[in-house]
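Visitor: Could you take me through a single part of this model up close? I'd like to hear how its pieces pack together.

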Amino acid sequence: MLRFASLSSGSKGNCLAAEAEGTCVLIDNGLKLREAERRLARLGLAPSDIDGILVTHEHGDHSCGVFDFAAAHDVTVYLSYGTLSMLRDEGKVVDGVKIKIVSGKEKIAIDALEVQPFTVPHDAREPVQYVVSDGASRLGVLTDIGASTAHVERTLSGLDALVLEFNYDYDMLWGGAYPKWLKERIAGPFGHLDNRQSERLLGALDRSRLKHVIGAHLSQQNNRPELARAALARAMGCEESWISLATQDDGFGWRDLI
């Protein structure tokens, strides 16, 4: 059985856990060491349970805690060469940590889990996102993407669960206080998805197997939960009460894929 949970989701830190048959990985870790340990305990996990950290890209809300955690608990870090290069340039790579390079072209195995990295358009050195499988069920994670692509939609079709970015509301962003350059970066083709873009992306997927769809990476300044929930419900053709959202403070609890 594959299960997954979020420790945190948002611009102040992202971290998601996926586990099957005693193998547990984190996707990103943008949390300080003690906070990551505390939130793992909240999910009933110990640091020794973590078999690897899959890094999507170098931005601090996804990577700032990766190497501290890996060094403290002897965990292997999986990331693209471009992401590793950028983190090295920024002085964030800790000597002695085990590192394995991934690409968007090849699947990898981490004990009981099969991991498929896939490339996405985002303003980072070599960003990837991930699909994780136990051989029976597939979980997709997609945050930090500026625009959908045919490759992304093919990769995410036929999933059993999807954690999908609903970063901002278009009108809130452009009517808000952010400087123009930042608004253009967020709304650009290498930034983030707004509610309507995420709704369209979800509508383009084969959703026939989906048991869980969770909205994630909501901006605390430029979105509201009820707006993201409504967009997600429209795409799924379901009641809004069925929709779950990942939060900055609480993430979300375990979801099982049986």
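Guide: Let's start with two helices: helix 1 and helix 3 sit roughly perpendicular to each other (that label covers 65 to 115 degrees). Helix 1 spans residues 33–42, helix 3 spans residues 66–73, and they pack at about 70° with axes 9 Å apart. Axes here are lines fitted to C-alpha atoms, for helices over the stretch in contact, and angles run from 0 to 180 degrees between N-to-C directions. Helices (H or I, at least four residues) and strands (E, at least two) are DSSP runs, numbered from the N terminus.

Leu33, Ala36, Glu37 and Leu40 of helix 1 meet Asp68, Phe69, Ala72 and His73 of helix 3, where contact means heavy atoms within 4.5 Å.

A word on the source: this is a predicted model, with local features needing pLDDT of at least 70, side-chain atom pairs counting only at pLDDT 80 or more, and totals for chains, interfaces and linings using all residues. Residues are numbered from 1 along each chain as its sequence is written, and side-chain values use heavy atoms, leaving out hydrogens and water.

Now for the sheet: 7 strands make an open, mixed one in the order 6-5-4-3-2-1-14, and two strands pair if DSSP finds at least two bridges between them. Strand 6 (99–102) and strand 14 (252–257) are at the edges with a single partner strand each, so one side of each has no neighbour in the sheet. On average, neighbouring strands are turned by 20° against each other, direction ignored. Helix 1 packs on this sheet, touching strand 1, strand 3 (23–27) and strand 4 (50–54), and its direction makes about 135° with that of strand 1. Helix 3 lies across strand 4, strand 5 (76–80) and strand 6, at about 160° to strand 4.

Notes. Parallel < 35°, antiparallel > 145°, perpendicular 65-115°, else oblique.
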